[in-house]
Every structure is written in C-alpha cells, then in structure tokens.
Amino acid sequence: MDGTTLASVAAKAWDAEVPLMILRSIGLLGYLRLQLRRHEVVEAKPDAKHWDLRLADKWPELDEFCRSFDMGGLDDRAHRHVPFVVILSQRMEAWRAAHGGRAPKSMAEKNDFKASVKAASRYFADELNFQEAVSNSYMAYADSAVGYEVAEMAAGARKNPPTNADASNFSFLVAALGDFIENEGNGKYGPLAGPLPDMTSVRSSVL
C-alpha cells in the first residue's frame with residue numbers, strides 16, 4: 001500500500017475511532033505501527049514495594065507526634081524504643097535548621113545526614129531503632145509526590161470526567177485519582193498505600 005492510500009485509510013479509521021494496525025515485512029526486517037485514539041496500559045507487576053511515610057512533608061498530626069519525644073530526657077531503655085520515623089523526623093528538622101531550611105541534595109549531603117542520624121544514638125551497636133533509621137535515612141527527604149505524567153493525566157481526567165457508560169474502568173479510576181490529588185493530596189500526593197515497615201519500638205508508640 002502506497003503512502004497516500006495509507007494516509008487516507010488512517011484518516012478514515014481515526015475519524016471512525018477504529019484501531020488501525022499496519023504491518024510491513026521485507027524479508028527478515030519489518031515494522032508494526034498501531035493507531036488508536038486511546039491506549040490504556042496497566043502495570044500488572046508493579047515495582048518492588050517502597051514505604052511511603054511522607055516524612056518530607058508531614059501532615060500536622062504526624063509532625064506533632066514526632067515533636068512530642070524529648071530524646072535528651074529519655075532513659076536508655078526508652079531511647080532504644082523510639083520509632084525510627086521519629087528519629088528521622090527530628091534529625092531532619094535539625095538538618096534543615098542548620099542548612100537554611102532545605103533537605104540534603106547531593107550525595108555528600110545525604111551521607112552527612114546519615115552520619116548525623118548515627119551520631120545521635122547513644123550506643124549504636126545496641127540500638128536497633130537507630131540502625132533502622134540509618135538504613136532508611138532516605139525516607140526523611142524522599143519526595144513522594146506523584147510524577148508529572150501521572151499528575152497531568154489525572155488532572156485532565158478530572159476536568160473531563162468519563163460520562164459514557166461504555167468508558168473503561170481505567171478512565172473512572174484516573175478521574176477519581178485526579179479528585180483525590182486535588183482535594184485530599186494538597187495538589188501533589190496520591191493515596192497512601194497503608195503498610196508500614198517493621199519498627200523497633202513499644203506498642204503504644206507505633207499505635
């Protein structure tokens with residue numbers, strides 16, 4: 001099929017909302033082109049689970065909880081059972097206070113922050129909570145906002161929500177995500193997954 005004819009067929013298929021698949025083979029070489037108005041792809045095997053604790057942008061209740069611990073006034077037993085989330089939050093507050101309010105950016109700064117977390121322990125070899133804090137130090141500055149592509153897609157779906165009964169489930173889910181980001185996610189966050197990592201602590205502190 002020559003290019004002119006193919007372009008005409010493609011235009012008619014586009015107007016009629018009919019998917020068009022173009023396959024051309026020349027010996028061992030070939031190509032496949034797909035034309036359709038909408039192509040929805042859902043990752044069936046998502047990336048490995050990562051903990052989203054929102055420490056870089058804490059909500060008020062979490063911030064108040066983290067500030068409620070007087071680390072210097074705790075005895076050694078209580079000091080060993082402070083959740084690592086609290087340790088990271090307080091060490092990040094100290095870091096920001098010493099660095100103009102900003103989080104670590106370069107690898108050197110991130111290593112310095114990790115070292116500051118370790119230095120805040122009393123007996124690092126015996127304090128599993130501080131070992132957990134050092135291992136998870138990136139959580140204190142990791143940005144958990146949705147990516148640009150997802151935010152753009154969700155915002156578009158929110159402005160033009162699906163109304164047709166034939167619309168896919170995916171369309172409704174993306175529109176709902178857009179509503180959540182705008183109304184509950186401060187314009188940049190999606191829903192929290194919910195699971196929490198294991199923490200060395202006492203039950204009352206975790207609850």
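**Reading helices and their contacts**

Tutor: Start with one residue and its neighbours. R80 touches D126, E127, N129 and T200, leaving aside residues up to four places away in sequence. Keep in mind that this is a predicted model.

Student: Where does R80 lie?

Tutor: R80 belongs to the loop between α3 and α4.

Student: Is R80 buried, exposed or partly exposed?

Tutor: Buried means under 20% relative accessible area and exposed means over 50%, with partly exposed in between. R80 has a relative accessible area of 30%, so R80 is partly exposed.

Student: What about S89, and why is it classed as it is?

Tutor: S89 sits in helix α4. Its relative accessibility is 4%, and S89 therefore counts as buried. With residues up to four places away in sequence left out, S89 touches L55, K58 and C66.

Student: How far apart are the C-alpha atoms of R80 and A13?

Tutor: They are separated by 67 Å, and the two residues are 67 residues apart along the chain.

Student: How do I read a whole helix? Take α8: what is its reach from first C-alpha to last?

Tutor: Compare the span with the expected one. Helix α8, residues 169–183, has 15 residues and reaches 21 Å, close to the 21 Å expected at 1.5 Å a residue.

Student: Which residues of α8 are buried?

Tutor: They are S171, V174, A175, G178 and I181.

Student: What do the buried residues of α8 pack against?

Tutor: They pack against α7, residues 148–159.

Student: How do the axes of α7 and α8 cross?

Tutor: For a pair of helices, look at the angle and the separation. The axes of α7 and α8 come within 7 Å and cross at roughly 100 degrees. An angle of 65 to 115 degrees counts as roughly perpendicular, and α7 and α8 are therefore roughly perpendicular to each other.

Student: Which residues meet there?

Tutor: From α7, the residues are V150, M153, A154, A157 and R158; from α8, they are F170, V174, A175, L177, G178, D179, I181, E182 and N183. By class, the contact of α7 with α8 has nine nonpolar, two polar and three charged residues.

Student: At what angle do α2 and α4 pack?

Tutor: Helix α2, residues 60–67, packs with α4 at about 90 degrees, and their axes are 9 Å apart. That makes α2 roughly perpendicular to α4. In this contact L62, D63, F65, C66 and R67 of α2 meet V85, V86, S89, Q90 and E93 of α4. The contact of α2 with α4 divides into five nonpolar, two polar and three charged residues.

Student: And at what angle do α5 and α6 pack?

Tutor: The angle is about 175 degrees, with the axes 9 Å apart. Angles over 145 degrees count as roughly antiparallel, and α5 and α6 are therefore roughly antiparallel to each other. K114, V117 and K118 in α5 meet F130, A133 and V134 in α6. The contact of α5 with α6 has four nonpolar, no polar and two charged residues.

Student: Which residues of α6 are buried, and what do they pack against?

Tutor: In helix α6, residues 128–135, the buried residues are N129, F130, E132, A133 and V134. They pack against α3 (76–79), α4 (84–98) and α5 (107–119).

Key
Residues are numbered from 1 along each chain as its sequence is written. This is a predicted model: local features need pLDDT of at least 70, side-chain atom pairs count only at pLDDT 80 or more; totals for chains, interfaces and linings use all residues. Side-chain values use heavy atoms; hydrogens and water are left out. Helices (H or I, at least four residues) and strands (E, at least two) are DSSP runs, numbered from the N terminus. The expected span of a helix is 1.5 Å times one less than its number of residues. Buried means under 20% relative accessible area, exposed over 50%, partly exposed in between (1.4 Å probe, protein chains only). Contact means heavy atoms within 4.5 Å. Axes are lines fitted to C-alpha atoms, for helices over the stretch in contact, and angles run from 0 to 180 degrees between N-to-C directions. Angles under 35 degrees count as roughly parallel, over 145 as roughly antiparallel, 65 to 115 as roughly perpendicular and the rest as oblique. Ala, Val, Leu, Ile, Met, Phe, Trp, Tyr, Cys and Pro count as nonpolar, Asp, Glu, Lys and Arg as charged, and the others, Gly among them, as polar.
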